[in-house]
Amino acid sequence: MFLALSDSEVDDTRHFPIRTLFDIVGYRKACGRLEDQLVTKIDKLQERFREYTIQSQTFESDDRNTVAIVFERINRAGTELDVFELLSAWSWSDDFDLVEKFGNLQDAIAEHGYADLCDEKDLQLRICAGVITGETSPSRIVGLQGEEIRNNFEIITNGILGAIDFLKRELRIAHYKLLPFPSSIVPLSCFFATDKKDGQPYSDIQKEKIKQWFWRSTFNRRYSSDVNQRQSNDIKELLLLRNDQNYEVKFPSDEIRIDFEKANFSRSGANSKALILMLIQKSPHSFISGGNIEIGKVLKKGSKHEFHHIFPKKYLSDKGYERTQINVLSNICFLIRSDNNKISKAPPSEYIEMVNSQKKSEYLNEALCPNDLDDDDYEKFIEKRTRLLKEYAQELMG
């Protein structure tokens, strides 16, 4: 047992400073003030540490599959290693350190406003594999050659940053947490992967087709399953589009697989994020004050106060509606906190009177709401708003 003592409590004739155990000069000085019996005990202690053998085994092989098997077994033994560390070892050279390069990349990603993407090493490795091989399966990632990574790292970096800029500028997705399906950033990064200093340019035709691809991928929940194959297919399609703006892209299905009428709102859920992105495109205003809704900042802060039930929760619960009926996507819009507080539990027929009459129709249309809120018929409202949400989703999907 070791005790931490203050300087005033240390007795040089009884206490030995552990920090000098392997310091020849310090060890000799410390022992010189102790009794021989105590020095003998300390010598035995030092001997145990000095003669302890740390086991190591050198393994050499040019077969990456064999190395991967050993790597996996080390993981099973309890040592936390990941594919990134394995690739770092395979790609290392005197003038290229993958850990250092990725560190610089994380700084650039954070500067572009997507700091949360920095924690997604697996996703970034998928982008590496996608840019280099056109596929993103684990076997493709593990099979990457060090020279390939070194030669393409600048291209990969440009691809990620180009994808982020596109998402922010053209789709108004302010930060990573707003992406319903983060896997969609992989094919997009492959489109923008380039060695051009100013990044990969795109035409208006290409922009509209990429947006159409994104919205279809979102509303049909394309990346909710079978991600590897779908990423591979989309990488191929977007690269063909990059080479020829007139290429007829094989778009994902335009089927809407988000149930606005029954799916419940959750700030972290993919369906809810899809709704949020739809409203962002409409540049909504808060109903009563007419204030701009900066939804990107709202979600980033994790605030729940700007996510408003059009038919207030208390009003509906007093009428006997269950929570799952109240919290559906079709009952959600966005208000600044002060407006939300003013509405409180008032039914739409009451709080709609506080809305600027000249702006009422405009604000409701931006929120994809029907204009006849004043009859307080919840079932009819949900039916109408669901229809409006689906119609706008179809518009976005082209």
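Mentor: Start with a definition. On a 1 Å grid over the protein atoms alone, a cavity is a set of points where a 1.4 Å probe fits but cannot get out, and lining residues have an atom within 4 Å of a point. This is a predicted model: local features need pLDDT of at least 70, side-chain atom pairs count only at pLDDT 80 or more, and totals for chains, interfaces and linings use all residues. Residues are numbered from 1 along each chain as its sequence is written, and side-chain values use heavy atoms, with hydrogens and water left out.

Trainee: Which residues line the second largest cavity?

Mentor: This cavity has a volume of about 30 Å³. A volume here is the space filled by probe spheres set on the grid points, which are joined across faces, edges and corners. The lining is Leu 279, Pro 284, His 285, Phe 287, Cys 333, Phe 334 and Ala 367.

Trainee: How many charged residues are in the lining of the largest cavity?

Mentor: About 40 Å³ of space lies in that cavity. Its lining includes Asp 372, Asp 375, Asp 377, Lys 380 and Lys 384. Beside 4 nonpolar and no polar residues, the charged count is 5.

Trainee: Are α9 and α10 roughly parallel or roughly antiparallel?

Mentor: Helices are DSSP runs (H or I, at least four residues), numbered from the N terminus. Axes are lines fitted to C-alpha atoms over the stretch in contact, with angles from 0 to 180 degrees between N-to-C directions. The axes of α9 (residues 185-192) and α10 (residues 204-219) come within 11 Å and cross at roughly 165°. Angles over 145 degrees count as roughly antiparallel, so α9 and α10 are roughly antiparallel.

Trainee: Which residues of α10 make the contact with α9?

Mentor: Contact means heavy atoms within 4.5 Å. From α9 come Pro 187, Leu 188 and Phe 191. From α10 come Gln 206, Ile 210 and Trp 213.

Trainee: How is α12 oriented to α19: roughly parallel or roughly perpendicular?

Mentor: The axes of α12 (residues 270-281) and α19 (residues 378-396) come within 11 Å, crossing at roughly 75°. The range 65 to 115 degrees counts as roughly perpendicular, so α12 to α19 is roughly perpendicular.

Terms used:
On a 1 Å grid over the protein atoms alone, a cavity is a set of points where a 1.4 Å probe fits but cannot get out, and a pocket is an open set with protein on both sides within 12 Å along at least five of seven lines; lining residues have an atom within 4 Å of a point. Ala, Val, Leu, Ile, Met, Phe, Trp, Tyr, Cys and Pro count as nonpolar, Asp, Glu, Lys and Arg as charged, and the others, Gly among them, as polar. Helices (H or I, at least four residues) and strands (E, at least two) are DSSP runs, numbered from the N terminus. Angles under 35 degrees count as roughly parallel, over 145 as roughly antiparallel, 65 to 115 as roughly perpendicular and the rest as oblique.
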